[in-house]
Structures are given as C-alpha cells and as structure tokens.
Amino acid sequence: MVKLTRLDGSEFTINANLIEVVEANPDTVVTLINNKKFMVRETPEEITKKVVEHYQEAGGPRLIVYTDHACHTEEHKAS
C-alpha cells in the first residue's frame with residue numbers, strides 16, 4: 001500500500017499492485033488497472049520511489065500461479 005496526497009491535501013492509501021500508469025501532464029495522474037484515475041500532489045518519481053519502498057518492505061511483488069483445480073499454488077517472487 002502506498003500513501004498519496006490528493007490536490008486538496010487529503011491523504012489516501014492505494015494498492016500498489018493496482019497501479020497501471022503514472023503520468024505528469026502537468027498534474028500527476030495515477031491510473032489503476034480498472035481505469036480509475038487519481039490526481040495527486042506527488043511527482044511520478046516520488047510515486048515510483050514509494051512503490052519500490054513498499055515492495056522492498058513487503059518482500060517484493062509475488063505472482064501466484066494456480067497449477068490445478070485443487071488450488072495448489074506456486075509462489076514466484078519477483079527479482
């Protein structure tokens with residue numbers, strides 16, 4: 001989870017796994033994979049740093065692959 005700041009100064013927390021695009025035009029817009037958008041005060045570089053820090057604290061992003069219908073999983077840690 002990454003804490004960001006709306007343009008009005010209010011803070012919110014966003015799931016870093018759902019971020020698809022971060023753009024500055026000139027305000028920073030964070031677009032999620034469901035196409036929901038947030039305009040925030042942080043720069044794309046600051047958001048990238050927060051996401052990297054989040055993954056470092058969490059042990060990195062993980063991909064869970066379902067290998068059969070019995071919900072047997074293999075977990076792959078991103079490098």
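1. Where is Pro26 found? Pro26 is in the loop between strand 3 (19-24) and strand 4. The peptide bond that leads from Asn25 to Pro26 is cis, and its omega is near -20°.

2. Some ground rules apply to what follows. This is a predicted model, in which local features need pLDDT of at least 70 and side-chain atom pairs count only at pLDDT 80 or more, while totals for chains, interfaces and linings use all residues. Residues are numbered from 1 along each chain as its sequence is written, and side-chain values use heavy atoms, with hydrogens and water left out.

3. The chain has 1 helix and 7 strands, where helices (H or I, at least four residues) and strands (E, at least two) are DSSP runs numbered from the N terminus. Along the sequence the pattern reads β-β-β-β-β-α-β-β.

4. Of the 79 residues in the chain, 27% are buried; buried means under 20% relative accessible area, exposed over 50%, and partly exposed in between, with a 1.4 Å probe and protein chains only. The accessible surface of the chain comes to about 5,800 Å², and carbon and sulfur atoms account for 51% of that surface. These areas come from the Shrake-Rupley method with a 1.4 Å probe, and for residues only the protein chains shown count as cover. Contact means heavy atoms within 4.5 Å. Among contacts between residues at least 6 apart in sequence, 28% join residues at least 24 apart.

5. Strand 1 (residues 2-5) and strand 2 pair in the antiparallel sense over 4 bridges; two strands pair if DSSP finds at least two bridges between them. Together strand 1 and strand 2 form a hairpin with 5 residues between them, and Gly9 in the turn has a positive phi of about 95°. Leu4 stands opposite Phe12 in strand 2.

6. Which residues does Glu42 contact, leaving aside its neighbours within four places in sequence? They are Lys3, Leu4, Thr5, Thr28, Ile47 and Lys50. Glu42 sits in the loop between strand 5 (37-40) and helix 1 (44-58). Glu42 counts as buried because its relative accessible area is 8%. The side chains of Glu42 and Thr5 are joined by a polar contact of 2.9 Å. A polar contact is a pair of N or O atoms within 3.5 Å; within protein, one must be able to donate a hydrogen and the other to accept it, and residues adjacent in sequence count only if both atoms are side-chain atoms.

7. His54 is found in helix 1 and is buried, at 19% relative accessibility. A polar atom of the His54 side chain lies 2.9 Å from the backbone nitrogen of Met1. Leaving aside neighbours within four places in sequence, His54 is in contact with Met1, Val2 and Ala16.

8. Asn35 and Lys36 can be read together. Asn35 lies in the loop between strand 4 and strand 5, and Lys36 has its place in the loop between strand 4 (28-32) and strand 5. Asn35 is exposed, with a relative accessible area of 53%, while Lys36 is partly exposed at 47%. The phi of Asn35 is near 75°, a positive value in a residue other than glycine. Lys36 touches Val30 and Thr31, not counting residues up to four places away in sequence. Lys36 and Leu18 are 18 residues apart in sequence and 9.9 Å apart in space, C-alpha to C-alpha.
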